[in-house]
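Subject: Handover of a structure

Dear colleague,

Please find the structure below, followed by an account of what was found in it. I would be grateful if you would read the two side by side.

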Amino acid sequence: MPKWSKIGALSNYQNSNQWLIEINNRPIALFRYNNEYYAIKNSCAHQGYPLAEGNLKDCMIECPLHGWVYDIRDGDCLSLPNKKIMTYKVRQNNNDLEIYL
């Protein structure tokens, strides 16, 4: 059953715009865009390359292996229609970040 899980203190996620986190042995790419946090499956739909290692520009993450681009807000693949990756809800709860898994 899905539940909110603590990612960590909000202060740990202020000095960059992208991180690799692991929750329940699941690698997740975490991003900050316009002071909002977004989380997606850390695996490109093409060949599974880690998206947390990609190039983030605005709300788009580019897979460093073959250049597939995804919108971090909804998981839509902008390189090919009808492709999508899983997204996760993220919220601020007091001074912590939480993710819904």
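**Strand pairing**

Strand E1 (residues 4-9) pairs with strand E10 (residues 96-100) in the antiparallel sense, over 5 bridges. Strands here are DSSP runs (E) of at least two residues, numbered from the N terminus, and two strands pair if DSSP finds at least two bridges between them. Glycine 8 has leucine 97 in E10 as its bridge partner.

The model is predicted, and local features need pLDDT of at least 70, while side-chain atom pairs count only at pLDDT 80 or more and totals for chains, interfaces and linings use all residues. Residues are numbered from 1 along each chain as its sequence is written, and side-chain values use heavy atoms, with hydrogens and water left out.

E10 also pairs with strand E9 (residues 90-93), again in the antiparallel sense, over 4 bridges. E9 and E10 form a hairpin with 2 residues between them; in the turn, asparagine 94 has a positive phi of about 60°. Arginine 91 has glutamate 98 in E10 as its bridge partner. The side chains of arginine 91 and glutamate 98 also meet in a salt bridge, at 2.6 Å from N to O. A salt bridge requires a side-chain nitrogen of Lys or Arg within 4 Å of a carboxyl oxygen of Asp or Glu. Arginine 91 is partly exposed at 33% relative accessibility, whereas glutamate 98 is buried at 12%. Buried means under 20% relative accessible area, exposed over 50%, and partly exposed in between (1.4 Å probe, protein chains only).

An open, antiparallel sheet is formed by 3 strands in the order E5-E6-E7. Its edge strands are E5 (55-57) and E7 (69-71), each of which pairs on one side only. Strand E6 (residues 60-62) is joined to E7 by 3 bridges, and glutamate 62 has valine 69 in E7 as its bridge partner.

**Nonpolar cores**

The largest nonpolar core has 17 residues, and those with the most contacts inside it are Phe31, Ile40, Leu51, Ile61, Tyr70 and Ile72. The elements that give two or more residues to this core are strand E3 (26-33) and strand E4 (36-41); E3 gives the most, with 3 residues. Such a core is a set of buried Ala, Val, Leu, Ile, Met, Phe, Trp, Tyr and Cys residues joined through side-chain atoms within 4.5 Å.

Leaving aside neighbours within four places in sequence, tyrosine 70 is in contact (heavy atoms within 4.5 Å) with residues including Cys44, Leu51, Cys59, Ile61, Cys77 and Ile85. A second, separate core of 15 residues includes Trp19, Ile23, Leu30 and Val90.

Cysteine 63 is buried, with a relative accessible area of 3%. For cysteine 77, the nearest cysteine sulfur is that of cysteine 44, 7.0 Å away; cysteine 77 is buried at 8% relative accessibility.

The structure holds 4 salt bridges. Among them, aspartate 71 meets arginine 73 at 2.8 Å, N to O, and aspartate 76 meets lysine 84 at 2.7 Å, N to O. Aspartate 71 is buried at 8% relative accessibility, whereas arginine 73 is partly exposed at 43%. Aspartate 76 is partly exposed, with a relative accessible area of 30%.

With kind regards

Terms used
Disulfide = S-S within 2.5 Å.
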